[in-house]
Amino acid sequence: MNEKQVHKFVQRYLEATQCQVLEKSPCHFTVKLSPDADRELTNRPYYWSFVDRTNAAPETMTYLLVTDREKYDAAQAGTLPAQQRLPGGAFGAAGTAAGSIGSAGAAAFPGAASSVRPDAGIGPANTIASPTVHGDTAGLASTSTVPAGSGSAAAGPAESADSSASTAAADTGQAAAADAALGRSLGFVHGNINQTGLRIPREEMYFGSRKLDQLFGAAKSKGSYVFLFQEPERGAASPYSSTPYTAWLGINMRVEFACDRKREEIHSYGISLATGYCTEQFHDRLQRLKLTPRLPANIHLAKNGLSFNKALSIMEQALERKLKSYDYEWAGAATERLEEELERIRLYYEPLIEHAADDELKQSVREQYEQRQSEIRWQYEPRVTASAINCGIFHLEGIE
Amino acid sequence: MSLDNKQPLHGSSAAPDAALVTRKLHPLVDLQYDRSTFDELQNRIAKNGPWDDWTLYQLSMEAEQAKRIESFEQLQCLRSLPMLEPMPHQISTARKVLHEMGGRAILADEVGLGKTIEAGLVLKEYIVRGLVRRTLILVPASLVLQWVRELNQKFGISAVAQKKAHTWHYDVVVASMDTAKRDPHRDVILGTDYDMVIIDEAHKLKNKKTTNYQFVTELRKKYCLLLTATPVQNNLDELYNLITLLKPGQLGRQSEFAANFVVDKRLPKNEEQLQTALSSIMIRNRRGDGGISFTKRFVKNIPLQLSADEQALYDAVTAFVHERYDESGPDLSSMLPLVTLQREVCSSRDAVFLTLVNMFKKTAEDSPVRAKIWELVEFIKKIEANTKAEKALELVKEMNDKVIIFTEYRATQEYLLQYFRSHDMIAVPYRGGMNRGKKDWMMDLFRGRAQVLIATEAGGEGINLQFCHHMINFDLPWNPMRVEQRIGRVHRLGQTEDVKIYNLCTLGTIEEHIVHLLHEKINMFELVIGELDHILERFEKKDGSLEQQLARMLLESGGSDTELREKISDLASSITQIRDEVQQGPELQAGTQIVSQMTALGQTVEIRHE
């Protein structure tokens, strides 16, 4: 999956779960999750069990999802200097860095942004004072006298900021820092605090990243079983005639070929429950159709001619026929390795068992031998496994 | 994360048995159907729902298609690790372990070539392919957190450090061998089938009779990696034992091995055959012989003349030290704090002051020594400026680049922080006592905002400062290994610039001698990484640690500079001799060099950053 594909994937997930996208670009989303998505993605089971039990109004989290790190960072770096040239711009810049959610909030509490953790990478100069303020006994004497603006030497633009503003900023900054600490120890940041532009967790969405994996998992957990109807084309059928529909069992199968290594195939089958007709690449066909969970008007379902189990076994037989036609050289090679390994440890252990000094030792060596044997089988034994990715009942136009 | 989110156990017995159906597919292969999904579908049909969303259904399928493992061979993990750029030898090592060794191997690269990266690649590949889930990683206690961090940050593998009993239930657990082999953990671990076991510093398993070795033998494991830079330390049996852990019988039975490959404990025969036998189970990449493996180091000593006040303090302290030594006789252990005192004067008055105060408290109230200590404090009071600090600031301003300053003393560190701050220079502290999060924070600040990092600790894990290539030794430790550790923070793989090291050295003091010894005599700043260990190990076998020997000389010389100079010169020549021996290598260390001489076990890696 390249950046574009990931971006599209994330977007479709957010739309499907009714998340509220606050801001987006081709390389990121700032999104307030819907309750459903929050349950899947934020790892806060305790919070949700609290909400469920007390019927409290849930407050979902807001994330910055970056789908193209390079472009996003470049864009951020590009906007920063421009904003810093404005009077007091350092604060505003930090606001955007924090994800610019509710930019009004960031503007109202400019100092709040200054407590953004240093890992945000962009912040006004006065944050630099924090290590000395919070550092345990850092510095012999001057800890208490460090003003919030002491870092001004490092960042020229900040000097142009109105000095009274920076004092005020320091105050709000502290309050916000306290809130942030609270948020951290509570394990979540309440949305209201979020609104001040305080801290929006940033997640990198690239193929292999943890958050995207979690999104994959979330899609699977809520995208496994469907029951759908093809939407009739508008105006095609006269209101007085009824269109015949067939129910299909649609299955996406993953087949794993494994020994000490592994490869996989994915097969998609559709079996007509009316006739038992079985077709491949069924998923592709479905994707070309418009499907809806609601029963359309003016249709009638063909009578199911076979049971669910019969349909299933038709699919299994079709898959089996296909798999039987494959080349199993890999399995032969794996079996050869397996035999070799077994022979090697046989030569090692048999004499050991034979010459063991006493029965107890003999027993323990034998156990070790058996353990090694089972490990080798576990490691090398060739096997093929077929399991469903997801499946559903699809009602499609026509009788097949 | 809820259970639903977890990856299904590929091809394992996670699903209820009733849902599994087995068919014969080929004389050698069975096909297993997992029908659990269909049972659930039927269930939902019967209950008329709940039904999932069509978009999510499609996304779920797309995710599976993206994750699909197309071929047996192609390395899948790299595409999911955009942040990691493994070196070519690391990738080829991972491939070899995966494709030719069936996932059981000894990774025996020389120090600094990235065995951890190789192990991480192999592990990640197996995880991505769904062949590994439960993983146990056994490492020395001091490396547990480093492993956890590397796996998480570099490989996106959710590894956890073993802390409590329930930690064992996580998929990837890093623990120390000592913890793991003890009850109650032992039973938990031995009761688990591990898809993969990784053991770092595996040379500690060389002896068959140890509990460590027994424990690892009893582990139930599918794939297994043993990591060590020194697969043979003393004799060939060690190698045999390591291999037996992975593949019993790979080199025949012990007696066959001895007959075929061993002349003497330390001397192999039929070396070619041995290499062939080893090459199916062990990979050893070596650093290029010709190549300078890293960027260059430039070392510059900055000689400094102490101010009159500072010199007065130094002289007074020296006199004080020798007086005490003459009084109490040659009991070295009680004298070491005094030597420290002398060293501290070369660093900062704050450091001396702290030690003096402590000494004052410990001295009996009626002792005449108390008055003498007080006299020294008077000397301290007179000192207005710190010559070294001024020079350091000047250097930092000149460099106009990131720089790390090392000092031995907390008091000096705090003084410097304050001094730099009063001159509008932003410096952040770093020390051993900080917790992990704080250390990380300091690193981030240094990387992002501050020009200067002032550190008291160089050892331990976690500070990798490749983005900085200036280093100031505000004062020098007497243990060359610690100097090397300091340098190692910046001069390591990934450093793209030449490293510049400045030693601040006060003339006419003990410090001058130390800098002279380390820099000019031993030439330690230019030794190959890893060489210093060998030299010191041999040197210290004789007369105790270098630090102690230096302290003794200092005291015994009775304040005579010429005598001290001579003694240190003798010391230097005996170290030089050992260095020459070590560098000549093979004949002298036949046993330990056996494997490192074998070239068929891996590739020679030239690491250069131009």
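**The interface between chain A and chain B**

About 9,700 Å² is buried between chain A and chain B. Carbon and sulfur atoms give 61% of this area. On the chain A side, Tyr225(A), Tyr348(A) and Trp378(A) lose the most area to chain B. Together these three residues account for 8% of what that side buries. The model is predicted.

The contact draws on 110 residues from chain A and 100 residues from chain B. Eight salt bridges are counted between the two chains. One of them joins Lys247(B) to Glu341(A), with the closest N and O atoms 3.4 Å apart. Polar contacts were also counted across the interface of chain A and chain B, giving 31 residue pairs, both residues at pLDDT 80 or more. On the side of chain A that touches chain B, strand 11 of chain A gives the most, with twelve residues. This strand spans residues 383–397. By residue class, that side of chain A divides into 54 nonpolar, 32 polar and 24 charged residues.

Chain B was also examined as a whole. Chain B has 610 residues, of which 56% count as buried. Its secondary structure comprises 24 helices and 19 strands. Contacts within chain B were sorted by sequence separation. Among those with a separation of 6 or more, 74% come from residues 24 or more positions apart.

Methods:
Residues numbered from 1 in each chain as written. Chains lettered and ligands numbered in written order. Predicted model: local features only at pLDDT ≥ 70, side-chain atom pairs only at ≥ 80, totals over all residues. Heavy atoms only, no water. Helix = DSSP H or I, 4+ residues; strand = E, 2+ residues; numbered from the N terminus. Buried < 20%, exposed > 50% of the residue type's maximum accessible area, 1.4 Å probe, protein only. Contact = heavy atoms within 4.5 Å. Buried area = accessible area lost by both parts, 1.4 Å probe. Salt bridge = Lys/Arg side-chain N within 4 Å of Asp/Glu carboxyl O. Polar contact = N/O pair within 3.5 Å; in protein donor to acceptor, adjacent residues only side chain to side chain. Nonpolar A, V, L, I, M, F, W, Y, C, P; charged D, E, K, R; others polar.
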